[in-house]
Amino acid sequence: VALLFLAMVRSSSLGAALVLSQLAGVQPKVLTLTRRARQGSQRRLGEIDEAWLYGNLDALMVYHVDIYVGTPGQVQSVIIDTGSSMTAFACKSCGSNCGEHLDAPFDPATSSTFRWVGCDEPSCGRCTSSSCQYSVHYMEGSSIEGRFFEDILHVGDVSRRNRPAKAWMGCHSQETNLFKTQVPSGIMGLEGDGWDVLQALAEGPLERELFVLCLAEQGGVMTLGAVNESWTPLLEPITWVPYSPRYHVDVNQIALEHEGASKAVLPSFVGSFHYDSGTTFTYFTAAQNSALRSAIEAACASGAGACGGARQTSAECWSAEDADLSLFPTLRFGLGQDGSATYLWPARGYLFRHRRGQWCYAFQGDPPLTLGASFMMYHITVFDRAEKKIGFARSDCPEIRSRSENSDPSVGSGDAGGGGAGEAVAAETLQRQAPLRHRPIPPTPRPRLLRGVPES
């Protein structure tokens, strides 16, 4: 079965630590994240699992999370992707057919709980040489191939004590082009309707099939099972909109708010957009993109100091200090069938820091229509699969820059969790990656999951 998956970015400096860009002179706020207490071995109703996210929209251009696979667990950094439904990464046997990524390839031989998925098992749609296999090709020219296996999956640093579950995952035997040269080791697909680890976790330790993302300029956090406001302080109540299959929501209008005035830019139905955390930027039609940029530029040209000391230096970028961005217009989206759910997209979301003093547009005019990671920044985004709705609220998302900076102080500095391993690689050693935008071809139906094992 050809499954949705991810084509990625070019690789660069690698190390035991996460390879995250640090722009010179930028000092993000890093919040201490404390571990909640557990009471016995019985999971409590509504208990939440948490994980740190790493990445950014500048150099890495993607957000990813650590998972531990097998017994004992082997760490794999995987992109958080709401646009696909499979968790997969390179295996040791792939050799030079796979790229050099952030973590060592997964070694099945060292896991006591590993097993290959057999051809006679439900939902194995492609059997080659007596093994259940997958092969996916992407519109930009990359591809992946491999075999399915089952093993124990643990999301986040093991110091968090999140509960593991058995899940089907993919073991790459070949990667090409962008997928081969990406920095993170693999992908975690969360779109549902397929080989989805969230379904496996919900059938096991999680009480509810729900996950939350909170993306900051550097890193962020993810929770599973419920919203944890101690990790993601809300600045307003959560607003909910229903989604159609694969996290599509309607955008009915977009207005520009600036200096106390509001002006409709796209006053009527804009389109059905895909909420996709695995896509770096946000995508409109060419006409919509032009209208939005023209409105922003006109607002900043409306008077002296209208956008502080910012000045436009090219069609894509502005010269601006951090303080200037608070004076830029805000884009107000009307989401949902009637457009009544208001989503505020600030300049820090629709612009990204390209380098010190330079901010560039984080949206483009190139369908399919997509609300990417740039749209989700500085909000919690709640994907409630039980109720088929997406919630959002502005939030003070914590900035997380490296594994070593954010080891859990409540469990000490031992090796078991990996939280204290390594140091962040300096910005000057990290080559800027290409923006991520995956569109597998052709899209195919995906099997349902029951208790972590795909069922037809």
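This is a predicted model: local features need pLDDT of at least 70, side-chain atom pairs count only at pLDDT 80 or more; totals for chains, interfaces and linings use all residues.
Local features need pLDDT of at least 70, side-chain atom pairs count only at pLDDT 80 or more, and totals for chains, interfaces and linings use all residues. Residues are numbered from 1 along each chain as its sequence is written, and side-chain values use heavy atoms, with hydrogens and water left out.

**Exercise 1.** State how many disulfides a search of the whole structure finds, then describe the one formed by C94 and C98.

Solution. 
- Start with the criterion: a disulfide is a pair of cysteine sulfur atoms within 2.5 Å.
- Searching the whole structure gives seven disulfides.
- In the pair C94 and C98, the sulfur atoms lie 1.9 Å apart.
- The torsion about the S-S bond of C94 and C98 is about 85 degrees, so this disulfide is right-handed.
- C94 and C98 are both buried (buried means under 20% relative accessible area, exposed over 50%, partly exposed in between, with a 1.4 Å probe and protein chains only).

**Exercise 2.** Locate the cis peptide bonds that join T71 to P72 and P367 to P368.

Solution. 
- Strand labels come from DSSP runs numbered from the N terminus: helices are H or I of at least four residues, strands E of at least two.
- Omega is about -5 degrees for the bond between T71 and P72.
- P72 sits in the loop between β2 (62-69) and β3 (74-81).
- Omega is about 15 degrees for the bond between P367 and P368.
- P368 sits in the loop between β25 (363-365) and β26 (370-371).

**Exercise 3.** Where are S129 and K388, and are they buried or exposed?

Solution. 
- S129 is not a glycine, yet its phi is positive, about 55 degrees.
- The loop between β6 (127-128) and β7 (131-138) holds S129.
- With a relative accessible area of 70%, S129 is exposed.
- K388, not a glycine either, has a positive phi of about 55 degrees.
- The loop between β27 (379-384) and β28 (389-394) holds K388.
- K388 has 52% relative accessibility, so K388 counts as exposed.
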